Amino acid sequence: MSARFQINYCTSLGMVENNDYWVKPVPLDRVACLNITNTEIFSLASGKIKFKEVDICSYKHSSKSVSVWRGCVSNWLRETKNRQAAEDKLHQLVLSRPKFAGLNMSDMHLMGVVNVTPDSFSDGGQFLDTEKAIKHAKILVREGASIIDVGGESTRPGASKINPLEEQKRVIPVIRELSKKDKLISVDTRNPEVMRKALSNGAKIINDISGFRNNESIQVIIEAFKNKVNPYIVIMHMQGEPGTMQVSPSYNFTPIDIYTYLEERINFLIFRGIPKQYIAIDVGFGFGKTVSDNLSLIDWMPLFHGLGVPIIVGVSRKSTIAKIDNNAPVDKRIGGSIALTLKSIDAGVQIVRSHDIQETRQAIRLWQAY
């Protein structure tokens, strides 16, 4: 179990700034925005979600406590001990994100899932046949998917790693055919051999659940840049490996632990020569996390804008929904998937990964219409 941290709200900013601190914007709903006058309002990543207050957060391992000061941005900048550091953090939160694989990051996009596997938790075996996978991908695009994420290895809890040659056999024909049709393709893989083959067959995005911990995978990306292929990459957080990740996952304070991990990975990949504008992150909902961990990540999602890159979230049909709602089977989790998605969109995420594009797109349109 993850350690349970007590959250203490402080009246003084100095009580928090005595330690390393993180900044979590407090998103405003649209009605609140209309009613606010004479107050400076900021946009998360220059998108549609606004904020005027921030939570300044620090935490101590020894006391298992999180200290939070909440106040207006103007008060934060006025009272901080280090104005320049505060302005730098604010800049990362509001900075417009460059286009990611040609997609405008001031808008929200859907990533459709195509599992070319016999054993994925949500749709294992339905699209193992190449023609069925291609047909399904085209349907997802018609329903509103901007990206098709093609995966050939199940990474459900307890899954075993497969041979990269088998993975290539599953995904490459699908990627090749869809790329010919000018579809924007992401390959969901942790194998460098599959990454290389997918890029040479038209994939534009590498979505690595292992966060590019494999140096060979990093080398594939570096080589691609040298060859002017310029792939976009998604760094995901996962504690452990799929086979063991749900065996007693443990964190100090989940959101900040994962933020720190992703920050380190971004900085390392930039050091290795990968431009920041080609990087997005995924907090890894469900990958080595308890129900409590997953819900805290959704609640603290605005924090991750401080990394200065687009945020992808994948909550679709995850087991957390079943654990909260009477062990609902996979095909009865759309309501929970949409609820978590809408909460994430209110936090300003730019890309939502989903199995159910039509239903998710419809929910988002109605959510944004009022």
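This is a predicted model: local features need pLDDT of at least 70, side-chain atom pairs count only at pLDDT 80 or more; totals for chains, interfaces and linings use all residues.
Start with the whole chain. It holds 13 helices and 13 strands, and its C-alpha atoms fill a box of roughly 60 × 50 × 40 Å along the principal axes. A compact globule of 370 residues would have a radius of gyration near 21 Å, so the 20 Å found here agrees with that picture. Buried residues make up 55% of the chain. If you take the contacts with a separation of 6 or more, 72% of them link residues 24 or more positions apart.

Now for the largest pocket. Its volume is about 650 Å³, and 31 residues line it. Look for Lys-48, Ile-49, Met-108, Ile-345 and Gln-368, which lie nearest the centre. Helix α13 gives the largest share of the lining, five residues, while β2, α2, β6 and α12 are among the elements that each supply at least two. By class, you'll find 15 nonpolar, eight polar and eight charged residues in the lining.

Finally, zoom in on Ser-186, which sits in strand β8 (residues 185-188). Beyond its close sequence neighbours, Ser-186 is in contact with Met-111, Ile-147, Ile-148, Asp-149, Val-150, Ile-205 and Asn-207. Pro-231 is 45 residues away from Ser-186 along the chain, yet their C-alpha atoms are separated by 9.8 Å.

Conventions:
Residues are numbered from 1 along each chain as its sequence is written. Side-chain values use heavy atoms; hydrogens and water are left out. On a 1 Å grid over the protein atoms alone, a cavity is a set of points where a 1.4 Å probe fits but cannot get out, and a pocket is an open set with protein on both sides within 12 Å along at least five of seven lines; lining residues have an atom within 4 Å of a point. Grid points are joined across faces, edges and corners, and a volume is the space filled by probe spheres set on the points. Helices (H or I, at least four residues) and strands (E, at least two) are DSSP runs, numbered from the N terminus. Ala, Val, Leu, Ile, Met, Phe, Trp, Tyr, Cys and Pro count as nonpolar, Asp, Glu, Lys and Arg as charged, and the others, Gly among them, as polar. Contact means heavy atoms within 4.5 Å. The radius of gyration is taken over C-alpha atoms; the globule rule is 2.2 Å times the number of residues to the power 0.38. Buried means under 20% relative accessible area, exposed over 50%, partly exposed in between (1.4 Å probe, protein chains only). Lists of a residue's contacts leave out its neighbours within four places in sequence.
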